[in-house]
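Subject: Structure for you to look over

Dear colleague,

Please read the notes with the model open beside you.

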Amino acid sequence: MLHPCLRCGACCAHFRVAFHWSEAEPSLGGVVPRELADTLDPHRFVMRGTQASRPRCVALQGAVGDAAHCGIYERRPSVCREVEPSWESGRPSAQCDKARVAHGLPLLTPADWPEVAAPA
Ligand code: SF4
Ligand code: SF4
């Protein structure tokens, strides 16, 4: 069964994705591609595209609600790693639910998690 996030991507096209600049600084162990982020303030970068009136992260590949994935999955910011899909861990996720509603997608339910493969 395909991981539900790979048929979604809504959260990558709904929220502003801001993170500490050090996450894009290799000398400090940062791995986020600097060229995909803009400066937000003296302390933070923001993933390009996520500040738009209709946000869509520049790293998002594919079509929201159909087939979508993060093009920098191994190098995504910490805030992206912290978003939990609803019911993956047995509880709802406000961020996941809000993003899916905004894109007209049904909320995930426990039935979406019988046996899933990890996102690629
Ligand atoms: S966490 Fe939720 S909103 Fe984000 S991609 Fe996964 S299913 Fe979609
Ligand atoms: S970096 Fe990847 S996981 Fe984070 S918002 Fe962009 S596409 Fe989504």
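β4 and β5 form a hairpin with three residues between them, and Gly65 in the turn has a positive phi of about 80°. Strand β4, residues 60-63, pairs with β5 in the antiparallel sense over four bridges, and within this pairing Ala63 stands opposite Ala67 in β5. Two strands are said to pair if DSSP finds at least two bridges between them, while the strands themselves (E, at least two residues) and the helices (H or I, at least four residues) are DSSP runs numbered from the N terminus.

This is a predicted model, in which local features need pLDDT of at least 70 and side-chain atom pairs count only at pLDDT 80 or more, whereas totals for chains, interfaces and linings use all residues. Residues are numbered from 1 along each chain as its sequence is written, chains are lettered from A and ligands numbered from 1 in the order in which they are written, and side-chain values use heavy atoms, with hydrogens and water left out.

There is also an open sheet of three strands, with the order β1-β3-β2 and antiparallel pairing. Its edge strands are β1 (18-20) and β2 (37-39), each of which pairs on one side only. On average, neighbouring strands of this sheet are turned by 40° against each other, direction ignored; the axes behind this angle are lines fitted to C-alpha atoms, for helices over the stretch in contact, and angles run from 0 to 180 degrees between N-to-C directions. β1 pairs with strand β3 (residues 44-47) in the antiparallel sense over three bridges; Phe19 stands opposite Phe45 in β3, and Ala18 stands opposite Val46 in β3. β2 and β3 likewise pair in the antiparallel sense over three bridges and form a hairpin with four residues between them, where the bridge partner of Ala37 in β3 is Met47.

Turning to the open space, the largest pocket has a volume of about 720 Å³. On a 1 Å grid over the protein atoms alone, a cavity is a set of points where a 1.4 Å probe fits but cannot get out, and a pocket is an open set with protein on both sides within 12 Å along at least five of seven lines, lining residues being those with an atom within 4 Å of a point. Grid points are joined across faces, edges and corners, and a volume is the space filled by probe spheres set on the points. The largest pocket is lined by 38 residues, of which Cys11, Cys12, Arg76, Cys80 and Val83 lie nearest its centre. The largest share of this lining, four residues, comes from α2.

Around ligand 2 are residues including Cys12, Cys57, Cys70, Arg76 and Cys80.

Best regards

Note on methods:
A residue is near a molecule or strand if one of its heavy atoms lies within 4 Å of it.
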